[in-house]
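The following exercises are to be worked through with the sequence and the model at hand. Each task is followed by a stepwise solution.

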Amino acid sequence: MGSSLLHALPLDVRRDGERLFEISMWCIGRDVSHTDNLLLRRGLTRERIPAGQQGTSAYSGALPGGGAFTLWGFGALCRVCGESVYVPRDGFAPFLVDEERVAWPVFQAAALGTPREPVTPGECSAARAAVASLAGWLAGYEEWVVALMGRGWRHECLAARRKAPAVPVESLAAEWRRLAERVEALERSVENESFVPFTGA
């Protein structure tokens with residue numbers, strides 16, 4: 001990983017995000033298999049995989065605070081601050097995607113081309129905004145699922161998983177909110193540093 005990526009999101013945030021994303025994506029996989037398909041019930045739109053193709057269906061919706069996203073089993077593409085930021089399930093490190101070079105619809109990560117690390121301050125800021133917005137959406141989604149289905153549904157989802165979750169299912173939404181706050185705080189600290197007057201010789 002390059003140093004520019006470390007500037008966008010520190011390693012500890014990426015590790016925590018990856019753990020949370022893995023649990024949420026597992027649960028969302030169960031949600032779409034539910035007879036009601038909870039993502040559709042939540043208001044997302046679905047692009048099905050054509051017959052004979054491999055990959056995962058694409059679900060699209062709006063992000064809190066503006067912007068839009070597309071969610072697959074392998075990650076999410078968030079459109080915020082004039083950038084398209086891909087957050088993979090594996091690693092949770094934000095990358096930039098040139099959507100003009102992407103042939104839509106997409107059902108596999110490889111179809112997104114060659115995402116690149118954010119480099120400029122503006123790109124790093126967009127990457128952090130995308131992660132914070134995605135975390136906020138996932139927190140709200142988890143709260144909605146629990147309100148709709150009860151806590152028993154999430155326990156049922158995780159019971160089908162071979163390994164114990166890194167966080168208790170009851171605190172999943174709260175952990176996503178905490179992660180969003182950490183990323184927002186990181187962005188504020190970067191902004192504050194940029195306004196510190198230069199005092200060197």
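The chain has 22 positive and 24 negative side chains, with the centres of the two sets 6 Å apart; here Lys and Arg count as positive and Asp and Glu as negative, while His and the chain ends are not counted. The place of a charge is NZ of Lys, CZ of Arg, CG of Asp or CD of Glu.

This is a predicted model, in which local features need pLDDT of at least 70 and side-chain atom pairs count only at pLDDT 80 or more, whereas totals for chains, interfaces and linings use all residues. Residues are numbered from 1 along each chain as its sequence is written, and side-chain values use heavy atoms, with hydrogens and water left out.

**Exercise 1. Describe the fold and the overall dimensions of the chain.**

Step 1. Assign the secondary structure. Helices (H or I, at least four residues) and strands (E, at least two) are DSSP runs numbered from the N terminus. The chain holds six helices and six strands, in the order α-α-α-β-β-β-β-β-β-α-α-α from the N terminus.

Step 2. Consider the dimensions. The C-alpha trace spans about 65 × 40 × 30 Å along its principal axes. The radius of gyration of the chain is 17 Å, which agrees with the value near 17 Å for a compact globule of 201 residues. This radius is taken over C-alpha atoms, and the globule rule is 2.2 Å times the number of residues to the power 0.38.

Step 3. Examine surface and contacts. The accessible surface comes to about 10300 Å², 52% of it belonging to carbon and sulfur atoms; the areas come from the Shrake-Rupley method with a 1.4 Å probe, and for residues only the protein chains shown count as cover. Of the 201 residues, 43% are buried, where buried means under 20% relative accessible area, exposed over 50%, and partly exposed in between (1.4 Å probe, protein chains only). Among contacts (heavy atoms within 4.5 Å) with a separation of 6 or more, 62% join residues 24 or more positions apart.

**Exercise 2. Identify the nonpolar cores and the elements that build the largest one.**

Step 1. Apply the criterion. A nonpolar core is a set of buried Ala, Val, Leu, Ile, Met, Phe, Trp, Tyr and Cys residues joined through side-chain atoms within 4.5 Å. In soluble globular proteins, nonpolar side chains tend to be buried together.

Step 2. Locate the largest core. This core has 46 residues, and those with the most contacts inside it are Phe21, Leu39, Leu71, Trp137, Tyr141 and Trp176. Two or more residues each come from helices H2 (11-33), H3 (38-41), H4 (121-149), H5 (151-159) and H6 (172-194), and from strands E3 (68-72), E4 (75-80) and E5 (83-88). H4 gives the largest share, 13 residues.

Step 3. Separate the other core. Another core, of nine residues, lies apart from it and includes Ala58, Phe74, Leu77 and Val102.

**Exercise 3. Examine the backbone geometry of Asn37, Phe92 and Pro105.**

Step 1. Recall the background. Most residues other than glycine have a negative phi, and most peptide bonds are trans.

Step 2. Asparagine 37 has a positive phi, near 50°. This residue lies in the loop between H2 and H3 and is buried, with a relative accessible area of 6%.

Step 3. Phenylalanine 92 has a positive phi near 55°. Its place is the loop between E5 and E6, and its relative accessibility of 0% counts as buried.

Step 4. The peptide bond from tryptophan 104 to proline 105 is cis, with omega near 0°. Proline 105 belongs to the loop between strand E6 (95-96) and H4.
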